[in-house]
Amino acid sequence: MRATFMYGAGDVRVVDVPDPKLKQSTDALVRVVQACICGSDLHPYHRMRAKADGTSMGHEFLGVVEEAGVDVATVKAGDLVVAPFAWQDNTCDFCREGLQTSCRHGGFWNSGDVGGGQAEAVRVPLADGTLVKLPVAPDSALLPSLLTLSDVYGTGHHAAVRAQVNPRTTVTVIGDGAVGLLAVLSARRLGAERIILMGRHKSRTDLGRDFGATDVVAERGEEGIAMVRELTGGDGTHTVLECVGHLPAYEQALGVVRAGGVISRVGVPQYSDGDIGWKLFGRNLTLTGGPAPVRHYIEELMPDILDGTVEPGKVFDRTIGLADTPDGYRAMDQREALKVLVRP
Ligand SMILES: [Zn+2]
């Protein structure tokens, strides 16, 4: 089959690899119908060291089950399913606590002998715990929105959940990528009435307003912090959803959060040093966030997509075939595209 591999910074290719096959009785084989490129795929795109045999790519996909192992009970051949960006048993103690990304038996796509979603097919380990059946036809117009359940919508929701966003909390969202925009949508869905979106790209922040942002601040750094403080009577907001992952975004979060507030991070941190001293301690701030257990949220978030209450799939502004994934990476990297959908 054809699959997307990365061989180093800026070096993405679509190559022939052996067809995936069932290995365990708990596996399923899924033919990918839709996949996408993630903002986090751009991190290795910028800094991956050259690797002769490369690494498979993609952790967001939905597709049709081609074959299920004998011990798979919840999905069968022909079912349309969505996969979260991690696989898990969904039964261990961590999974039952809603922390599927810490599953005792789980793992992530593109590691070991498990491939990735930017391919024609994927072997899915622990299919019962990982795959969720979608109650729509494989040609449904809802598919792009349902695809966001595999990562970006669940991740934006996780940022808001970890920050305990509710109708009484004011919110700042840092970042106008797909996760940031869906953090806006999630905060609105959880009842927040004041949502300040910090982002510089007007077409993206316009979509953010559509998703529920009440204010947009294009300035960054000290200037952006001053703007948010001005909008909030000098105090900042109760919650800050940091959806970027770079140190300046964390510093911006420290600057705009209200005393006693919560900074919730879901942008994968590209730094290991940051101020956790008096700036965090002195105002009784809480720092939280991490890899979203999106499997935990799929059943909760799906009904609003099915009945049209929300349309998170609006984050996709370009659709390409599998052969064009190298150009999809380039387009996202150069910010020509917000989020690229791949139809193998
Ligand atoms: Zn588990």
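User: Where is Arg335 placed, in terms of the loop and the elements around it?

Analyst: In this predicted model, Arg335 sits in the loop that runs between helix 12 (325–333) and strand 18 (340–343). Its phi is near 60 degrees, which is a positive value in a residue other than glycine.

User: And Asn110, what does phi look like there?

Analyst: Asn110 has a positive phi of about 65 degrees although it is not a glycine, and it is found in the loop between strand 8 (107–108) and strand 9. With a relative accessible area of 21%, Asn110 is partly exposed, given that buried means under 20%.

User: Switching to helix 7, which residues are buried there?

Analyst: Helix 7 covers residues 202–211, and the buried residues in it are Arg204, Thr205, Leu207, Gly208 and Phe211. Seen down the axis of helix 7, these buried residues fall within an arc of 150 degrees, so they line one face of the helix. On the other side of helix 7, Lys202 and Ser203 are exposed.

User: What covers the buried residues of helix 7?

Analyst: The cover includes helix 6 (178–189), strand 12 (195–198) and strand 13 (215–217). Just after helix 7 comes Gly212, which takes a positive phi of about 130 degrees.

User: Ok, helix 8 next: which of its residues are buried, and what do they pack against?

Analyst: In helix 8 (residues 221–231), the buried residues are Gly224, Ile225 and Val228. They cover an arc of only 100 degrees around the axis, which puts them on the same side of helix 8. As background, an α-helix has 3.6 residues a turn, so residues three or four places apart point the same way. The buried residues of helix 8 pack against strand 11 (171–174), strand 12, strand 13 and helix 9 (247–256).

User: Which exposed residues are on the face turned away?

Analyst: That face of helix 8 carries the exposed residues Glu222, Glu223 and Glu230. Helix 8 is then followed by Gly233, whose phi is positive, near 65 degrees.

User: What does Glu219 touch, and where is it?

Analyst: Glu219 is found in the loop between strand 13 and helix 8, and it is partly exposed, with a relative accessible area of 27%. Not counting residues up to four places away in sequence, Glu219 touches Met198, Gly224 and Met227. Met198 and Glu219 are 21 residues apart in sequence, and their C-alpha atoms are 7.4 Å apart in space.

User: How many of the residues of helix 9 are buried?

Analyst: Seven of the ten residues of helix 9 are buried, so that helix is largely enclosed by the rest of the structure. The buried residues of helix 9 are Ala249, Tyr250, Gln252, Ala253, Leu254, Gly255 and Val256.

User: On to the nonpolar packing: how many residues are in the largest core, and which have the most contacts inside it?

Analyst: The largest nonpolar core has 49 residues, and those with the most contacts inside it are Leu62, Leu146, Val173 and Leu241. Helix 6 gives the most to this core, with eight residues. Apart from it lies another core, of 33 residues, among them Val14, Tyr45, Val122 and Leu322.

User: What is Leu241 in contact with?

Analyst: Leaving aside neighbours within four places in sequence, the contacts of Leu241 are Ala159, Ala160, Ala163, Val165, Val171, Thr172, Val173, Ile174, Ala183 and Ser264.

User: What about space in the second largest pocket, and which residues are closest to its centre?

Analyst: About 360 Å³ of space lies in the second largest pocket. It is lined by 22 residues, of which the closest to its centre are Met1, Pro20, Asp113, Val114 and Gly115. The elements that give two or more residues to this lining are strand 1 (2–8), strand 4 (55–56) and strand 9 (121–124), and strand 9 gives the most, with three residues. The lining residues divide into ten nonpolar, seven polar and five charged.

Conventions: Residues numbered from 1 in each chain as written. Predicted model: local features only at pLDDT ≥ 70, side-chain atom pairs only at ≥ 80, totals over all residues. Heavy atoms only, no water. Buried < 20%, exposed > 50% of the residue type's maximum accessible area, 1.4 Å probe, protein only. Helix = DSSP H or I, 4+ residues; strand = E, 2+ residues; numbered from the N terminus. Arc of directions from axis to C-beta. Contact = heavy atoms within 4.5 Å. 1 Å grid on protein atoms, 1.4 Å probe; cavity = no way out; pocket = protein on both sides within 12 Å on 5 of 7 lines; lining within 4 Å. Points joined across faces, edges and corners; volume = space filled by probe spheres on them. Nonpolar A, V, L, I, M, F, W, Y, C, P; charged D, E, K, R; others polar. Core = buried A, V, L, I, M, F, W, Y, C linked by side-chain atoms within 4.5 Å.
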